Amino acid sequence: MDAFLEQLLARRSVQQYIGEEISNDALQLVLQAGLASASGRNQKPWEWVVVRNRETLVKMSHCRKNGAAKMLQNADCAIVVLGNREKTDTLVEDCSIVMSNMHLMADHLGLGSCWIQGRMRYAEDDTTTEEYLRQLLQFLEIFQLEAILSLGIPLQKPEPHQVESFDTSKVHWEKF
């Protein structure tokens with residue numbers, strides 16, 4: 001099997017971390033993977049807030065209803081991905097590429113990561129997730145929240161996906 005496909009199959013969302021610190025070198029590689037991302041018309045409309053402060057991570061864990069961000073309590077790091085509304089109309093797509101690249105690099109390094117959707121979601125206090133995080137992290141109104149990537153040392157590594165389980169009926173050739 002192709003090595004890159006194997007990595008894609010192995011990349012799984014990890015929501016439980018052992019609470020240990022990831023190395024600064026590993027974090028820099030994850031950030032570099034994000035910076036290497038493609039974007040529409042090469043606008044690179046993203047900005048990130050990297051959070052390692054435990055108190056802030058615990059507060060951030062309340063940015064989504066129904067416990068959808070609780071893993072931040074034991075994560076070593078969170079990368080909040082924002083898009084500049086004034087730069088491009090493709091910021092959602094561009095920021096999604098960033099998230100995907102960082103997710104893959106984290107897995108490649110043996111780190112656990114989870115994509116926590118932020119855009120169009122609500123915090124436990126009934127404000128939007130974006131409003132909640134804007135107040136906590138103090139980013140400007142021109143920035144739209146896309147998502148948060150949690151990072152940490154995984155408690156356990158989920159089993160890889162299996163090619164045989166893919167629903168190939170979703171692939172259409174020439175016409176729908």
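Student: Which residue caps the N-terminal end of α1?

Tutor: This is a predicted model, where local features need pLDDT of at least 70, side-chain atom pairs count only at pLDDT 80 or more, and totals for chains, interfaces and linings use all residues. Residues are numbered from 1 along each chain as its sequence is written, and side-chain values use heavy atoms, without hydrogens and water. At the N-terminal end of α1, a side-chain oxygen lies 3.0 Å from the backbone nitrogen of Phe 4. The capping residue that carries this oxygen is Asp 2.

Student: Why are the buried residues of α1 on the same side?

Tutor: In α1 (residues 3-10), the buried residues (under 20% relative accessible area) are Gln 7, Leu 9 and Ala 10. What covers them includes α4 (91-108). They lie on the same side of α1 because the arc they cover around the axis, taken from the directions from the helix axis to the C-beta atoms, is only 160°.

Student: What is the volume of the largest cavity?

Tutor: A cavity is a set of points on a 1 Å grid over the protein atoms alone where a 1.4 Å probe fits but cannot get out, and lining residues have an atom within 4 Å of a point. The whole structure holds one cavity of 30 Å³ or more. Its lining includes His 103, Asp 107 and Gly 112, with at least two residues each from α4 and β3. The volume, the space filled by probe spheres set on the points, is about 50 Å³.

Terms used: Buried means under 20% relative accessible area, exposed over 50%, partly exposed in between (1.4 Å probe, protein chains only). Helices (H or I, at least four residues) and strands (E, at least two) are DSSP runs, numbered from the N terminus. Contact means heavy atoms within 4.5 Å. A polar contact is a pair of N or O atoms within 3.5 Å; within protein, one must be able to donate a hydrogen and the other to accept it, and residues adjacent in sequence count only if both atoms are side-chain atoms. On a 1 Å grid over the protein atoms alone, a cavity is a set of points where a 1.4 Å probe fits but cannot get out, and a pocket is an open set with protein on both sides within 12 Å along at least five of seven lines; lining residues have an atom within 4 Å of a point.
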